[in-house]
Amino acid sequence: SLAGKLNRSPVADICSDGASIVPILKYSSCHLLAISYLSDMLNNLKNKDVMDYLKIEDGILLSCDKNVEGVLVIPDHVRIIDSCAFASCTKLRVVVMPDFLWGIKECAFSECTSLESVVFGSYLGYIGDYAFSECTSLKHIYIPATVWRIGKWVFGKCDSLESIVVDSRNLVYDSREGCNAIIDTFYDTLVMGCKTSVIPST
């Protein structure tokens, strides 16, 4: 179930009554986001098998029907999301990724202008260049501890982005002092910020 998939994540709690789903994303000690989704959007996905929307070969998600809308739970056997796979899926609002997804290639979700929430899997390794660029409704991002590579301009032109948090166990990147940004830990350089980012003292 969708609730089961999200409960495994440290960044999400799910409340489901069968008609609506309310993800509450947790960043540090604060609950920053609660989004309600209309039941007709969810019913649309329930009534059509998710595989009807997706083209998957050998664990690589190659493309998605541009008419997909509402909440999309990517199947567990997907390991890579290919370049531009979801580009310009303008009706997509929530994406839940499987635990064992390894990577998201460049421009995978670019110009998904209604995308509000992304739940990354526990073992995500890399996020390619421009992967979520121009996702103008995206507000909060939580980077898992396993991510070792983040490409350039990953969240470029995400004008609504308010919070970027890196898991404190990540060895490559951090969000020190609650800076609302992604910092390269070794080089002490800014990788990506948002409109509420602040310069940390260290």
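Is Phe-132 buried or exposed? I looked up its relative accessibility and got 0%, so Phe-132 counts as buried. My cut-offs are under 20% relative accessible area for buried, over 50% for exposed, and partly exposed in between (1.4 Å probe, protein chains only).

**Ground rules.** I am working on a predicted model, where local features need pLDDT of at least 70, side-chain atom pairs count only at pLDDT 80 or more, and totals for chains, interfaces and linings use all residues. Residues are numbered from 1 along each chain as its sequence is written, and side-chain values use heavy atoms, with hydrogens and water left out.

**Overview.** I find 2 helices and 17 strands in the protein. These are DSSP runs numbered from the N terminus (helices: H or I, at least four residues; strands: E, at least two). Of the 202 residues, 49% are buried. I took contact to mean heavy atoms within 4.5 Å. Among contacts with a separation of 6 or more, 31% are between residues 24 or more positions apart. The accessible surface is about 9,500 Å², and carbon and sulfur atoms hold 53% of that. Those areas come from the Shrake-Rupley method with a 1.4 Å probe; for residues, only the protein chains shown count as cover.

**Aromatic pairs.** I searched the whole structure and got 7 aromatic pairs. Rings of Phe, Tyr and Trp (its six-membered ring) pair if their centres lie within 6.5 Å; planes under 30 degrees apart count as stacked, over 60 as edge-to-face, the rest as tilted. Phe-86 and Phe-109 are stacked, at 4.6 Å centre to centre and 5° between the planes. This pair links distant parts of the chain, 23 residues apart: Phe-86 is in the loop between β7 (80-81) and β8, Phe-109 in the loop between β9 and β10 (117-119). Phe-86 and Phe-109 are both buried. Next I checked Phe-109 against Phe-132. Their ring centres are 5.0 Å apart and their planes at 0°, so this pair is stacked too. Phe-132 sits in the loop between β11 (126-127) and β12 (140-143), 23 residues from Phe-109. For Phe-109 I read a relative accessible area of 0%. Ring pairs join Phe-86, Phe-109, Phe-120, Phe-132 and Phe-155 into a cluster.

**Asp-167.** What does the side chain of Asp-167 touch through a polar contact? I found the side chain of Tyr-142, at 2.9 Å. A polar contact is a pair of N or O atoms within 3.5 Å; within protein, one must be able to donate a hydrogen and the other to accept it, and residues adjacent in sequence count only if both atoms are side-chain atoms. Asp-167 lies in the loop between β14 and β15. Asp-167 is buried, with a relative accessible area of 4%. Leaving aside neighbours within four places in sequence, I list Tyr-142, Ile-143, Pro-144 and Ala-145 as its contacts.

**Positive phi.** Most residues other than glycine have a negative phi. Trp-153 is not a glycine, yet I read a positive phi of about 55°. Trp-153 lies in the loop between β13 (149-150) and β14 (163-166). Trp-153 is partly exposed, at 46% relative accessible area. Glu-177 also has a positive phi of about 55° without being a glycine. Its loop runs between β15 (173-174) and β16 (181-184). Glu-177 is partly exposed, at 47%.
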